[in-house]
Protein chains: 2
Amino acid sequence: MKTPRYRRRKEDRPKEIVAAAFAEFAEHGYAATKVEDVAARAGVSKGLTYLYFKTKEDLFRAVIRNVVGERLDALIDVVEQEQLSGEAFLRGPMLDFMKRVPDSPIPVVIQLLLAEGGRHPDLVKYYFDNIVAKGLQAIRRFVARGVARGEFRVTAVNELPQLFLAPVVLAMIWRLLFPERTLDTDKLMEAQLEMILAWIKV
Amino acid sequence: MKTPRYRRRKEDRPKEIVAAAFAEFAEHGYAATKVEDVAARAGVSKGLTYLYFKTKEDLFRAVIRNVVGERLDALIDVVEQEQLSGEAFLRGPMLDFMKRVPDSPIPVVIQLLLAEGGRHPDLVKYYFDNIVAKGLQAIRRFVARGVARGEFRVTAVNELPQLFLAPVVLAMIWRLLFPERTLDTDKLMEAQLEMILAWIKV
DNA sequence: TTCCTTGCTGACCGGTTGGTCATTAATTAT
DNA sequence: ATAATTAATGACCAACCGGTCAGCAAGGAA
């Protein structure tokens, strides 16, 4: 009984290579990552990588597009259902979501786009449209609905949904830059939400 | 009258090269920047760059260290003078400072450190100690002093001076990632400060 | 004017790595 | 079994770029 030296797995190879590339890019950054290392991590030869992805840049694009926001979509569903009061939504699902972001793949994508985005405006646009704009729009609608319901006052928050994201962004950058310096990111999110709530509640 | 092909300017060359390197790094990132392009931008030959900086990495370090926080020191001086009330300080010098950061060289440094920081832990530490920690400590003392004076309540802000920086960080990242998408960063800072003020005022 | 010091140049080298392709072998069809 | 197909390999190439260095010329000294 001899085991074959490799198995043909046309279906799974691409996603495995993308996953390996994500890990390598996250560790060393795009430029410093060698295609051969990606291949090695995926348990594959360098040549095979080039069978599924024309260039290293192609692979980069695949990595970015692969990390999509399923969690964001789930959150938007919750807010659109209008079951919860504004306050309950913020203290519940919204807070949970915000707490989870720093540990998700999103920070890595931000990091990669910051480093390489200049040469990939289409990728930046893709991310802006599918993640950032979508999220901001949902928050905007949420705040407006709260006002319509008589739960919230009209404040600067109506035009600046970024106020909700500010601590999330800080938490992401902090973790990326200073992974060893502890920062209670959960408490940060909670404090920001409490402040906003106190500010906008009627 | 023949003009010499070059002039000897031992004194000025280093800072000119560092300035050119900063510009190139900001445009293309560290890895994608060729030393030859830096030299060209500084109006100098590649060889000369290596006369003043042993390696490309050395040049990188010089660039990072060169961008120091004089403005931050000035701000800290103001807060330490204790002339202004807590509220007046926040609405005046603090707000001005926050508004200026996104247009300063700091975002570029953040960008570079995010991309290359992993391989330069000493530079990250340098920046943390000299900019981040210093700033946070100053804010922490400021809030504590407000409490001692009876101006502020004790809140989560006492332990989380990062709440002041959150919109600044978001503004920086936004500008770096989406330079063409307008965001009223001034209004963002103002709103955050108003919220914090309303939250902590006695 | 001549000589000396040294800031500065630019041709060159060698290691690294993105990308290719002839070959091999796992799988399927006959 | 055997042939046909194609997933997968890995040796190889060529360009690119960080870093070197022998020599040139600017500026000062005598």
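## A helix with one buried face

Let's start with helix α5 of chain B, where L72(B), L75(B), I76(B) and V79(B) are buried (under 20% relative accessible area, with a 1.4 Å probe and protein chains only). Seen down the axis of α5(B), these residues fall within an arc of 100°, so they line one face of the helix; the arc is that of the directions from the helix axis to the C-beta atoms. On the other side, D77(B) and Q81(B) are exposed (over 50%). The cover over the buried residues includes α6 (86-100) and α8 (121-148) of chain B, counting contact as heavy atoms within 4.5 Å.

Helices here are DSSP runs (H or I, at least four residues), numbered from the N terminus. Just after α5(B), E82(B) takes a positive phi of about 65°.

## About the model

This is a predicted model, in which local features need pLDDT of at least 70 and side-chain atom pairs count only at pLDDT 80 or more, while totals for chains, interfaces and linings use all residues. Residues are numbered from 1 along each chain as its sequence is written, chains are lettered from A and ligands numbered from 1 in the order in which they are written, and side-chain values use heavy atoms, with hydrogens and water left out.

## Meeting DNA strand C

Around DNA strand C there are 23 residues with a heavy atom within 4 Å of it; K46(A), Y6(B), R8(B), R9(B) and Y52(B) are the closest.

Polar contacts (N or O atoms within 3.5 Å) include a base oxygen 2.5 Å from a side-chain N or O atom of K46(A).

Notes
A polar contact is a pair of N or O atoms within 3.5 Å; within protein, one must be able to donate a hydrogen and the other to accept it, and residues adjacent in sequence count only if both atoms are side-chain atoms. Helices (H or I, at least four residues) and strands (E, at least two) are DSSP runs, numbered from the N terminus.
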